[in-house]
Amino acid sequence: MTSSPWQLSYIELRGGKGIQCVNLVVGDERRSISPQGGGTFSERFDERLSVTFRSSATNQVSLEVRRRKRQFFRTTETVKVYSIEVQSGSGRQVIKRDKVDITLEVSSQPATIDHGSLPTATSGELKPTTEDLIAQCPRFRVLVVGKTGVGKSSLIDRVFGTKTADVANDKPGEAKIEDGLISPQNDRFILHDGKGFEPGEGGNYDTVKLFIEARRHERLIKDQLHAVWFCFPVPMVHYGELRLLEDGAETFLEQSHEALRNIPTVFVFTKYDRLVKYIRNVPDRDPQADVEEEAKQYLQTHCVEPIQRSLKGKAILHVAVSSRPNHQRGLDKLTDLTYESVKGSFTSLPNTVSPVPFAAAGAQRVEPGVKIQSSINVGKQSESPCIKMYLHTRPLKGYWRALASSTNFLGFTVLDCLGVIHTDIISVWNFYDPSAYLSSEEFRHLMVNMVAKVDAPTEPSPASTNFSRSGTFSGPLPLITATIVILPFVAGLALVRWVNESYQRLQNVHLKFMAYIVDLTHMLNILFALKGGEGGKKLTRREIKLAFNAYYASPWMEDVHKSIREFKHMIKGRDEIIEKIEGLVLASDRETHVTGAIKGIPSVDLEQDEEWYG
């Protein structure tokens, strides 16, 4: 029976109850898998493990799961992983069992690349920058403190794109603060529920304080507390809700603010929509008065100032939010405030990417601008680990700068380099993509074919795509049948032969790399907007194809490619490439283009999956 060699970089077991410990068994070797809380065990391997998944019952890879004692016995079970369950290619894969889910991050062993076949992101010696960042801080760790009914669950769901935050179901006693909660829809953040300081829960004051202090002294950055959100509902004084702070919360802020020193902390005033509705309906109110300005003054008086008094006048980061469907407000500001505060607290050197801000940007599913900025920071990473692997002459700062000189990619094909860049960008966007569609060879082929259009102008395309019952093409724009989205390219890379050229031999190769970075970023921005507030639903190929077609058919892509074709690069000014890429991905009209692309997408069932090609 033949076997398949793999490189294993990460493994996770989730969902088991009563599990005491988990061991990974590879041949005769046994490794302990670290508990993460909430019934989750995971481990990332700095040095990848060479493993073999066999199709027979004699497979060499298994998980040894030991459960707590039941009566007089402690049970141990073995969970085996077979080759048929491991998808071809690389990326994160989820294998489901009756009681548990197993997540693997695997890549094929280095092999000869056939013509027309995309390499994995980690082929040869190339290594994505994001791989080291995620290894140092796999999850953004957030403590949320708030009493029952404040809206913690809905807040977490909206910001992090989950179906349910499971914040102990807002029922006291169902989860301890030490138990980190990890959502299956977004495993890039870990939540600690601090409950609130309600009457009768005086002990929670010490519990929260001790937890914060304990996390402060953790040696590894991934185990430290990265942000704290204190959640309070906006008090409606006209309805008899006279106080923002319960006695316990007031005492905590007065006596424990030192424990929060240097930990990014945001005060979140929930149910803001109730306040806005009340102000609008005040009898005899001047209809010309600014509702938002009145609400701002109310918040300052009844929310901000009471907290500042407890903190002896200290300035605070604060935001008013509403998480109700169709009434969402302030979530983008909360995301921005948290990200900027985390970046200020966890970044020690200029022009570097810290693992914690990277984790914060990837975890959130509200603000695309934060993801784009994080992606730029990764591309500009000083002395990037990705570049260190293949710089032979002199140090450069980030692979965007390395695009300026072919000597920095000596011995690697265009495909090798694009694979690394592709992995870094999609890692920042962090869609719920359990089938790894965005890492698939089919999607990479689509992106390469799109980038090939930068070589020469194409005929202008209409600005939108629609469903059509025709299965034929009309000009350069793909049509969409009633049952499947038709893509503008046939499968494969038969018409894009330059992808297998070595980097230093291809003329104007930097233009293609610039187009790839910008096109992929814009396309993912459209996909992000298409998902809207449904980040907790798994990604489908239909969604990806619709977003791809919307960008491909738009004047936006035409303008980007025209701008790149006309770009004149001077060897002495290598930073011109970075400035050009930044200017294109952060253009002031970006949101307008995204909105226009979304309007051209028909209203269809996005959850229905389909094949890449009919």
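Reader: Is Asn262 buried or exposed?
Author: This is a predicted model. Asn262 sits in the loop between α4 (247–256) and β13 (265–270). Exposed means over 50% relative accessible area. Asn262 has 62% relative accessibility, so the residue counts as exposed.

Reader: What is phi of Asn262?
Author: Most residues other than glycine have a negative phi. Asn262 is not a glycine, yet its phi is positive. The value is near 70°.

Reader: Which loop holds Lys312, a residue with a positive phi?
Author: Lys312 is not a glycine, and its phi is about 60°. Lys312 is exposed, with a relative accessible area of 64%. Its place is in the loop between α6 (291–310) and β14 (317–320).

Reader: How many helices and strands does the chain have, and what share of its residues is buried?
Author: The secondary structure comes to 18 helices and 14 strands. The chain has 614 residues. Of these, the share that counts as buried is 54%.

Reader: What share of the contacts with a separation of 6 or more joins residues 24 or more positions apart?
Author: Contact here means heavy atoms within 4.5 Å. Among contacts in the chain with a separation of 6 or more, residues 24 or more positions apart account for 71%.

Reader: How do the axes of α13 and α14 cross?
Author: Two packed helices are described by the angle between their axes and the distance between the axes. For α13 (residues 441–451) and α14 (residues 509–531), the axes come within 9 Å. They cross at roughly 120°. That makes α13 oblique to α14. The crossing is right-handed.

Reader: Which residues of α14 meet α13, and how does the contact divide by residue class?
Author: From α13 come Phe443, Arg444, Met447, Val448, Met450 and Val451. They meet Lys512, Ala515, Tyr516, Asp519, Leu520 and Met523 in α14. The residues of this contact divide into nine nonpolar, no polar and three charged.

Reader: Where is Ala491, and how far is its C-alpha from that of Glu442?
Author: Ala491 lies in the loop between α13 and α14. At 54% relative accessibility, Ala491 counts as exposed. Ala491 and Glu442 are 49 residues apart in sequence. In space, C-alpha to C-alpha, they are 7.3 Å apart.

Reader: Which residues does Ile544 contact, leaving aside neighbours within four places in sequence?
Author: Ile544 is one of the core residues that touch the most other members. Its contacts beyond those neighbours are Tyr437, Leu438, Phe443, Met523, Leu527, Leu539 and Trp612.

Reader: How many residues are in the second, separate core?
Author: Its members include Phe211, Leu225, Phe269 and Tyr272. This second core is separate, and its count is 39 residues.

Reader: Which helices do the buried residues of α16 pack against?
Author: The buried residues of α16 are Trp556, Met557, Glu558, Val560, His561, Ser563 and Ile564. Buried means under 20% relative accessible area. These residues pack against α13, α14, α15, α17 and α18.

Technical notes:
Residues are numbered from 1 along each chain as its sequence is written. This is a predicted model: local features need pLDDT of at least 70, side-chain atom pairs count only at pLDDT 80 or more; totals for chains, interfaces and linings use all residues. Side-chain values use heavy atoms; hydrogens and water are left out. Axes are lines fitted to C-alpha atoms, for helices over the stretch in contact, and angles run from 0 to 180 degrees between N-to-C directions. Helices (H or I, at least four residues) and strands (E, at least two) are DSSP runs, numbered from the N terminus. Angles under 35 degrees count as roughly parallel, over 145 as roughly antiparallel, 65 to 115 as roughly perpendicular and the rest as oblique. A crossing is left-handed if the near helix is turned anticlockwise from the far one by less than a right angle, and right-handed if clockwise. Ala, Val, Leu, Ile, Met, Phe, Trp, Tyr, Cys and Pro count as nonpolar, Asp, Glu, Lys and Arg as charged, and the others, Gly among them, as polar. A nonpolar core is a set of buried Ala, Val, Leu, Ile, Met, Phe, Trp, Tyr and Cys residues joined through side-chain atoms within 4.5 Å. Buried means under 20% relative accessible area, exposed over 50%, partly exposed in between (1.4 Å probe, protein chains only).
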